[in-house]
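Let's take a walk through this model and see what holds together and what to treat with care. Have the sequence and the coordinates open as you read.

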Amino acid sequence: VLTGIGEDAGVDMGFMSRLLTLCSLPRTDPGERLQYKRQNGPYKLIMIAGGDNKLPFGNIPRLLLAWVCTEVVQTGERKLNLGKSLAEFMQALGIQSDSGGSRGDRTRLKTQIDRLFNCHIDLIYQEGYQKTSTGGRFAPKTVLWWDYHNPDQQTLWKSWIELGEELFNEIIAHPVPLNMDILKAMRRSSLGLDLYMWLSYKTFTLYSQRKKPERLTWERLYMQFGADPSLAGDKDTVQNFRKDALRELKKLKLCWPSLEYTAPTGCLEVRPCAPSVEPKAIRGQ
C-alpha cells in the first residue's frame, strides 16, 4: 500500500547517474539478444551481455544501480562492500520478500546481479560534431560469498565489487539525487522506477532553470521507456503504454505530492515543481 511521504520527514537520499535516468535499461526479458540500445536525444546507452550472455532486465537491476550509484557518491570509492549476508543486502535494496524457488526474489536477484555486474555498458553523448563516449565492464572485479539457499547466513568475509573506472567517473560527475523512500515504494514496477528517476532529473532542471512546462508526446515517451521502440508508430501499443504510465504516475504522486503533471490530449505535460529531495538536503551532502 502506498502512502504519502511527509515533506518534513528526514529524507533517505540516494543517487542515480544522469544518463541512466535518461536512457532506461530493458524492462522485459531481452531473450537471446546480446546487445541493447536506448537513445534519448543526444544521449545513448548501449549494453552488451557478459557472463552467461544474458542482459539484465526488470526492476531488480534498477534497484541495484540506485544502490551502486548511492554508495559511489557517498563513499567516493570504486570498491563497494555488499555486506556479510544476502538478507542484509536485500534489505538495503528495499526487497522485503525472502522467497526462493525458480521465480523467487532470491533467485531473481542472483540472476540479475550476475547479468548486471558482468555486462559492458557504453554511455554516449553526441550532438552536432561533438561525440563523447565512456564505458566498460560494469564491475571488472566481483567477490560474492553469499549462500542463496540460506540468506541470513553471515559469512566470514564481506562480499564486494569494484566498479569499472569509466562508469565510476560518470557517476561521480553527474549524480541525480533521489528520495530512496520513494524509490522503494515504486520498487515493484520497472516503469514506475524509470518514470520516477527520469522525472527527478526533468523536474529539477525545469525548476532550477525556471523553464516553462514541457510537453512530450506519448510516442516520444514510448520510444524512451517502451519495451520495443520500433512499435512507437502502433497506436494500440502506445495507448496501452499511456495507461500504464498514468497508473504509475498516480502512484508516484502519492509519494511525491509536489509532483506536477497533466495529460492533455496526445501528450504528457511536465511542470516545474519542488524536487522529491529538497535542495537544502542536497547542498547538505
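Predicted model: local features only at pLDDT ≥ 70, side-chain atom pairs only at ≥ 80, totals over all residues.

## Cysteines on their own

Start with Cys69: its sulfur lies 12 Å from the closest cysteine sulfur, the one in Cys119, which is too far for a bond. Cys69 is also buried, with a relative accessible area of 0%.

The nearest cysteine sulfur to Cys23 is that of Cys69, 14 Å away, and Cys23 is in no disulfide. Cys23 is buried too, at a relative accessible area of 0%. Search the whole structure and you get zero disulfides.

Mean pLDDT for the chain comes out at 89, with 91% of the residues at 70 or more.

## The nonpolar core

Which residues touch the most other members of the largest nonpolar core? They are Leu45, Phe138 and Trp198, in a core of 74 residues. Helix H2 (residues 59-75) supplies the largest share of this core, nine residues. As background, nonpolar side chains tend to be buried together in soluble globular proteins.

Leaving aside residues up to four places away in sequence, Trp198 touches Thr21 and Leu22, then Leu216, Leu221, Gln224 and Phe225, and finally Leu268 and Val270.

## Salt bridges across the chain

How many salt bridges does a search of the whole structure find? The count is eleven. One of them pairs Lys54 with Glu32, whose closest N and O atoms are 2.8 Å apart. Lys54 sits in the loop between strand S3 (43-48) and H2, while Glu32 sits in the loop between helix H1 (18-22) and strand S2 (35-40), so the pair ties together parts 22 residues apart in sequence. Glu32 is exposed at a relative accessible area of 63%, whereas Lys54 is partly exposed at 21%.

Glu214 and Lys202 make another salt bridge, with 3.1 Å between the closest N and O atoms. This pair links distant parts of the chain, twelve residues apart: Glu214 belongs to strand S10 (residues 214-217) and Lys202 to helix H7 (residues 190-208). Here Lys202 is buried, with a relative accessible area of 15%, and Glu214 is partly exposed, with 25%.

For a pair of sequence neighbours, look at Arg247 and Glu248, whose side chains meet in a salt bridge at 3.2 Å, N to O. Is Glu248 buried or exposed? Glu248 counts as buried, at 2% relative accessibility, while Arg247 is partly exposed, with a relative accessible area of 41%.

Key
Residues numbered from 1 in each chain as written. Heavy atoms only, no water. pLDDT = per-residue confidence, 0-100. Core = buried A, V, L, I, M, F, W, Y, C linked by side-chain atoms within 4.5 Å. Buried < 20%, exposed > 50% of the residue type's maximum accessible area, 1.4 Å probe, protein only. Helix = DSSP H or I, 4+ residues; strand = E, 2+ residues; numbered from the N terminus. Contact = heavy atoms within 4.5 Å. Salt bridge = Lys/Arg side-chain N within 4 Å of Asp/Glu carboxyl O. Disulfide = S-S within 2.5 Å.
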